[in-house]
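Welcome, and please open your viewer with the selection tool at hand.

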Amino acid sequence: MAASTMPHHLALLLLLLASPAATRLASAACASEKFPAGRAYATCEDLPKLGASLHWTYDASKNSLSVAFVAAPAAPGGWVAWGLNPTGEGMAGTQALVALAGSGSASPTVRTYNITGYVPLGKASTPLDFPATDLAADAAGSGGKIRVYGKLQLRKGMKAVNQVWQVGASATGGAPDKHAFQADNLNAKSKLVLAGKAAAEAPSPSPAPEAGGPATSSGGGAGSDSGAASSIAPSKLPNAAVAAAGVSAPALLVLALVGFLATV
Ligand SMILES: *[C@@H]1O[C@H](CO)[C@@H](O)[C@H](O)[C@H]1NC(C)=O
């Protein structure tokens, strides 16, 4: 009797053990993004809505934030947008980078918008409160995704700031048309934590002793060290994910064994 039920329990046990690992690893899907040479980011985060991700490096000594925002427009020929909102949680007040899909094989066009309210955006960029440089975009990778690149000059002392993102289906005369107002569109916002390490891995209970090591230990190296960043990013995220899964596995193992013993 017990012998015949054992395989089921073992299968259940394996499922229980496998699922948290699978969930954690899936949550770091952004880590598999392959950027062109010279573009590397210390951290990435899968944003909770619209299939988007943000990759970034924050240089605390210069208050500069280099980002790559990755998302697919709501339809071919549409647009993607990401921005920081230092004054609120919604669209109004957002300092946005917008990329409009190019026609055919043309590269996407990048615009910046200081979004002052819920009014249509024009076809001309407006200056941002966080001066933006190094603007670029490409349409690469799977699923028709557009990647917008830029560097924002933040204000001194910013630690966490609201971010909002959006995707639209079309543009008219070079200006992005209104996006859909589904729940996912309206909830495409979160907090970007600039200070402190491992912002994307907030629940991890085991921070490394050398917190902030990569950002501060390079000392005299004034350059943007993109080579170093590229070697950090791929190894760091999966390791963190595996470590997090390892922490929770023993607890699940105990639970699963209790369940097993109770039914034998
Ligand atoms: C952005 O818009 C706000 C609200 O209209 C304005 O106060 C601010 O000066 C604008 N920023 C820039 C850089 O133009």
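The tour below starts with a few ground rules and then moves through the chain stop by stop.

This is a predicted model, in which local features need pLDDT of at least 70 and side-chain atom pairs count only at pLDDT 80 or more, while totals for chains, interfaces and linings use all residues. Residues are numbered from 1 along each chain as its sequence is written, and side-chain values use heavy atoms, with hydrogens and water left out.

**Stop 1: the ligand**

Start by selecting the ligand. Which residues are around the ligand? You will find Asn114, Thr116, Pro127, Leu128 and Asp129; a residue is near a molecule if one of its heavy atoms lies within 4 Å of it. The protein covers 41% of the 360 Å² of accessible area that the ligand has on its own. Accessible areas come from the Shrake-Rupley method with a 1.4 Å probe, and for residues only the protein chains shown count as cover.

Now show the side chain of Asn114: one of its N or O atoms is 2.5 Å from an oxygen atom of the ligand. Next show the side chain of Asp129, where an N or O atom is 2.5 Å from a nitrogen atom of the ligand. Sorted by class, the shell around the ligand has two nonpolar residues, two polar ones and one charged. In this sorting, Ala, Val, Leu, Ile, Met, Phe, Trp, Tyr, Cys and Pro count as nonpolar, Asp, Glu, Lys and Arg as charged, and the others, Gly among them, as polar.

**Stop 2: the disulfide**

Select Cys30 and Cys44 next. A disulfide (a pair of cysteine sulfur atoms within 2.5 Å) joins them, with an S to S distance of 2.0 Å. By this rule the count comes to one disulfide. The disulfide is right-handed, because the torsion about the S-S bond of Cys30 and Cys44 is about 75 degrees. Cys30 lies in the loop between helix H1 (2-26) and strand S1 (43-46), and Cys44 lies in strand S1, so the pair ties together parts that are 14 residues apart in sequence. Helices (H or I, at least four residues) and strands (E, at least two) are DSSP runs, numbered from the N terminus.

Are these two cysteines buried or exposed? Both Cys30 and Cys44 are buried. Buried means under 20% relative accessible area, exposed means over 50%, and partly exposed is in between (1.4 Å probe, protein chains only).

**Stop 3: the aromatic cluster**

Select Phe35, Tyr41 and Tyr149, which form one aromatic cluster. Rings of Phe, Tyr and Trp (its six-membered ring) pair if their centres lie within 6.5 Å; planes under 30 degrees apart count as stacked, over 60 as edge-to-face and the rest as tilted. The count by this rule is two aromatic pairs. In one of them, the ring centres of Phe35 and Tyr41 are 5.3 Å apart and the planes are at 70 degrees, so the pair is edge-to-face.

Phe35 is buried, with a relative accessible area of 18%, and Tyr41 is buried at 10%. Turn to Tyr149: its ring centre is 6.0 Å from that of Phe35 and the planes are at 70 degrees, so this pair is edge-to-face. Phe35 lies in the loop between H1 and S1 and Tyr149 in strand S8 (residues 146-153), so the pair ties together parts that are 114 residues apart in sequence. Tyr149 counts as buried, at 1% relative accessibility.

**Stop 4: a histidine in a strand**

Click on His55, in strand S2 (residues 53-59). His55 counts as buried, at 3% relative accessibility. Its side chain is joined to that of Ser53 by a polar contact of 3.2 Å. A polar contact is a pair of N or O atoms within 3.5 Å; within protein, one must be able to donate a hydrogen and the other to accept it, and residues adjacent in sequence count only if both atoms are side-chain atoms.

**Stop 5**

Most residues other than glycine have a negative phi. Leu50 is in the loop between S1 and S2 and is partly exposed, with a relative accessible area of 22%. Asp134, in strand S7 (residues 132-138), has a positive phi of about 55 degrees. Asp134 counts as exposed, at 53% relative accessibility.
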